[in-house]
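Hello,

Here is the structure I promised to pass on. Please open it alongside this message.

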Amino acid sequence: MSSSETASAAMIRAASQFRSGNIKAAATACREALSADPESLNALELLGLIEGMHGDIQLARELLERANTLRPGRPELLNNLAIACRRCGDPAAAVRYLRGALKRQPMFVAAWQTMAASLEQLGDYPGALESQERVTSLEPGNAAAWAELAQIREALNQPVAAAEAATRALELDPENALAIIVLAKLEIRRGDAE
């Protein structure tokens, strides 16, 4: 069996194991694929995703960067890479990758969400607000997005708009914890600590 056939067979096993929830076996199969073919894009991406969710976030970033070097500019990959960068404490790199993803796919909701979180992590609340507003415009039924918008507006000292966004989140999901917290913060600001 050639190295590319070995890598392909390992990736079929990896994908099957990943879908069935056997993450450890999926990671092992990805490593086998990479041993046979160090440039297996699918193995780099899947192992990067696995490490990002369940393992070494720095390794996840390295794997996803290698995948992006092999086939640059794919929006899904760039978003996953940006998430890894954020979790590694490098939100500026995350923003750079996300700009590339959004240039190629401007309606990519997950990338706008990651952008809002990255900009917020950088302390750029106006930029985070703009990105989060894009999320709510693309997915108006997304309670979590409205709650995040409420949190950003509260941080920007926009209490009326924050309350409106939190209320919208609670209309969609009456138990949304973040929206409840934002409304509680707003009550405390008004002097009603109880």
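Below is what I found in it, from the whole chain down to single residues.

**Ground rules**

This is a predicted model: local features need pLDDT of at least 70, side-chain atom pairs count only at pLDDT 80 or more, and totals for chains, interfaces and linings use all residues. Residues are numbered from 1 along each chain as its sequence is written, and side-chain values use heavy atoms, with hydrogens and water left out.

**The whole chain**

The protein chain has 11 helices and zero strands. Helices here are DSSP runs of H or I with at least four residues, strands are runs of E with at least two, and both are numbered from the N terminus. The C-alpha atoms fill a box of roughly 70 × 30 × 25 Å along the principal axes.

The chain has 194 residues, and 42% of them count as buried. Buried means under 20% relative accessible area, exposed means over 50%, and partly exposed lies in between (1.4 Å probe, protein chains only). The accessible surface comes to about 10,100 Å². Carbon and sulfur atoms own 52% of that surface. These areas come from the Shrake-Rupley method with a 1.4 Å probe; for residues, only the protein chains shown count as cover.

Contact means heavy atoms within 4.5 Å. Take the contacts between residues at least 6 apart in sequence: 46% of them join residues at least 24 apart.

**The core**

In soluble globular proteins, nonpolar side chains tend to be buried together. The largest nonpolar core in this model has 56 residues. Such a core is a set of buried Ala, Val, Leu, Ile, Met, Phe, Trp, Tyr and Cys residues joined through side-chain atoms within 4.5 Å. Met-11 and Val-182 have the most contacts inside the core. Helix α2 (residues 23-36) gives the most to this core, with seven residues.

Which residues does Met-11 touch, beyond its neighbours within four places in sequence? They are Cys-30, Ala-33, Ser-40, Asn-42, Ala-43 and Leu-46.

**Helix α1**

Helix α1 covers residues 3-19. Its 17 residues should span 24 Å at 1.5 Å a residue, and its end C-alpha atoms are 24 Å apart, which agrees. The expected span is 1.5 Å times one less than the number of residues.

Ala-7, Ala-10, Met-11 and Ala-14 are the buried residues of α1. Seen down the axis, they fall within an arc of 105°, so they line one face of the helix. The arc is that of the directions from the helix axis to the C-beta atoms. An α-helix has 3.6 residues a turn, so residues three or four places apart point the same way. The cover over the buried residues of α1 includes α2 and α3 (41-54). On the other side of α1, Ile-12 and Arg-19 are exposed. Just after α1, Gly-21 takes a positive phi of about 90°.

**Helix α4**

At the start of α4, a side-chain oxygen of Asp-56 reaches to within 3.0 Å of the backbone nitrogen of Gln-58.

**Single residues to look at**

- Glu-45 sits in helix α3. Glu-45 is buried, with a relative accessible area of 17%. Its side chain makes a polar contact with the side chain of Arg-74 (2.2 Å). A polar contact is a pair of N or O atoms within 3.5 Å; within protein, one must be able to donate a hydrogen and the other to accept it, and residues adjacent in sequence count only if both atoms are side-chain atoms.
- Asn-176 lies in the loop between α10 and α11 (177-189). Asn-176 counts as buried, at 9% relative accessibility. A polar atom of its side chain lies 3.2 Å from the backbone nitrogen of Leu-178.
- Asn-157 has a positive phi of about 60° although it is not a glycine. Asn-157 is in the loop between α9 (143-155) and α10 (159-172), and counts as exposed at 52% relative accessibility.

Best wishes
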